[in-house]
Amino acid sequence: MSAQVKVITENTHLAGARGAHSKEDCMKFYDEWAASYNSDLSDASQNYVAPIHVAQAALRSSNHNNVAILDAGCGTGLVGEALAKGGTMTIDGLDLSPAMLKVAEQTGVYRKLTICDLTQPIDIPDETYDMVTCCGTFTRGHVGPDPALREFVRVIKKGGLIIATILDEIWQPGGYQAEVEKLGAEGLVKVASVELKDYRKGAGDKATLIILERTG
Ligand SMILES: C[S@@+](CC[C@H](N)C(=O)[O-])C[C@H]1O[C@@H](n2cnc3c(N)ncnc32)[C@H](O)[C@@H]1O
């Protein structure tokens with residue numbers, strides 16, 4: 001009987017973006033990848049399930065209607081599309097890559113799409129949204145925990161939610177867990193849940209899926 005060999009195909013675009021040394025580098029990877037991003041990541045070797053987990057968590061936590069959501073690092077709009085299947089909501093998207101935003105625009109599910117660098121303060125008034133979703137953007141070479149998490153708290157209303165994935169290998173070493181604890185200690189958020197989830201099921205990586213509620 002022949003031995004079974006699991007072949008893990010690393011996606012070269014993603015590997016490049018995770019190895020990015022600057023935001024310009026990262027943007028270039030995504031601008032070049034935008035046209036084939038959705039088909040590449042739906043391939044069985046990748047099976048990128050994280051957007052479905054994020055959208056399902058958001059839909060479970062809301063009344064599905066008249067909810068205003070900010071999809072931070074929306075990319076081509078996979079989270080927005082999954083959300084829109086579950087209810088009537090207003091979804092705005094932010095992303096660094098103009099080419100990714102162009103693909104997101106074609107989904108027709110976003111009210112507004114804006115180029116934005118999430119490593120900087122976000123140009124949105126306090127307490128604008130009911131929820132922030134952030135999928136696949138807290139990862140190596142992309143966006144760190146500070147100031148992004150604090151900014152997400154600022155732009156949601158009290159009682160609002162942040163639903164985000166963090167690539168599991170950097171949840172602790174990247175300082176995300178510590179930043180969540182800090183925001184908790186300041187009375188700004190309470191942790192509604194922290195779960196380990198499949199991220200790219202085909203490639204075998206995992207994400208920490210957090211749900212934070214704004215309390216202060
Ligand atoms: C793996 S993709 C995830 C996109 C989408 N949320 C999804 O799940 O398919 C990561 C996204 O983060 C965006 N990104 C990287 N650095 C960023 C930054 N500094 N500010 C805003 N977006 C950034 C990229 O352009 C890309 O669209």
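Student: What volume does the largest pocket have?

Tutor: About 450 Å³. Keep in mind that this is a predicted model.

Student: How many residues line the largest pocket, and which lie nearest its centre?

Tutor: The lining has 36 residues. Nearest the centre are Tyr30, Asp95, Gly136, Thr137 and His142.

Student: Which element gives the most to that lining of the largest pocket?

Tutor: H2 does, with seven residues. The elements that each supply at least two residues to the lining are helix H1 (12–18), H2, helix H4 (78–84), E4 and strand E6 (189–200).

Student: How do the residues of the lining divide into nonpolar, polar and charged?

Tutor: For the largest pocket, 19 are nonpolar, 11 polar and six charged.

Student: Now the ligand. Which pocket is the space taken by the ligand?

Tutor: The ligand takes up the space of the largest pocket.

Student: How many residues surround the ligand, and which are the closest?

Tutor: There are 22 residues around the ligand, and the closest are Tyr37, Tyr48, Gly73, Asp95 and Cys135. Asp95 is also among the residues nearest the centre of the largest pocket.

Student: And by class, how does the shell around the ligand divide?

Tutor: Into 13 nonpolar, seven polar and two charged residues. Helix H2 (23–42) and strand E4 (129–138) each supply at least two residues of that shell.

Student: Which backbone atoms lie 3.2 Å or 3.4 Å from a nitrogen atom of the ligand?

Tutor: A backbone N or O atom of leucine 96 is 3.2 Å from a ligand nitrogen. For cysteine 116, a backbone N or O atom is 3.4 Å from a nitrogen atom of the ligand.

Student: What about a polar side-chain atom and an oxygen atom of the ligand?

Tutor: Threonine 137 has a polar side-chain atom 3.3 Å from an oxygen atom of the ligand.

Student: How much of the ligand's accessible area does the protein cover?

Tutor: On its own the ligand has 600 Å² of accessible area, and the protein covers 99% of that.

Student: Backbone next. Where is the cis peptide bond?

Tutor: The cis bond joins aspartate 146 and proline 147, with omega about 15°. Proline 147 is in the loop between E4 and helix H6 (148–155).

Student: Which residue has a positive phi although it is not a glycine?

Tutor: Asparagine 47, at about 50°. The loop between H2 and H3 holds asparagine 47.

Terms used:
Residues are numbered from 1 along each chain as its sequence is written. This is a predicted model: local features need pLDDT of at least 70, side-chain atom pairs count only at pLDDT 80 or more; totals for chains, interfaces and linings use all residues. Side-chain values use heavy atoms; hydrogens and water are left out. A residue is near a molecule or strand if one of its heavy atoms lies within 4 Å of it. A polar contact is a pair of N or O atoms within 3.5 Å; within protein, one must be able to donate a hydrogen and the other to accept it, and residues adjacent in sequence count only if both atoms are side-chain atoms. Accessible areas come from the Shrake-Rupley method with a 1.4 Å probe; for residues, only the protein chains shown count as cover. On a 1 Å grid over the protein atoms alone, a cavity is a set of points where a 1.4 Å probe fits but cannot get out, and a pocket is an open set with protein on both sides within 12 Å along at least five of seven lines; lining residues have an atom within 4 Å of a point. A molecule sits in a cavity or pocket if more than half of its atoms lie within 2 Å of its grid points. Helices (H or I, at least four residues) and strands (E, at least two) are DSSP runs, numbered from the N terminus. Ala, Val, Leu, Ile, Met, Phe, Trp, Tyr, Cys and Pro count as nonpolar, Asp, Glu, Lys and Arg as charged, and the others, Gly among them, as polar. Grid points are joined across faces, edges and corners, and a volume is the space filled by probe spheres set on the points.
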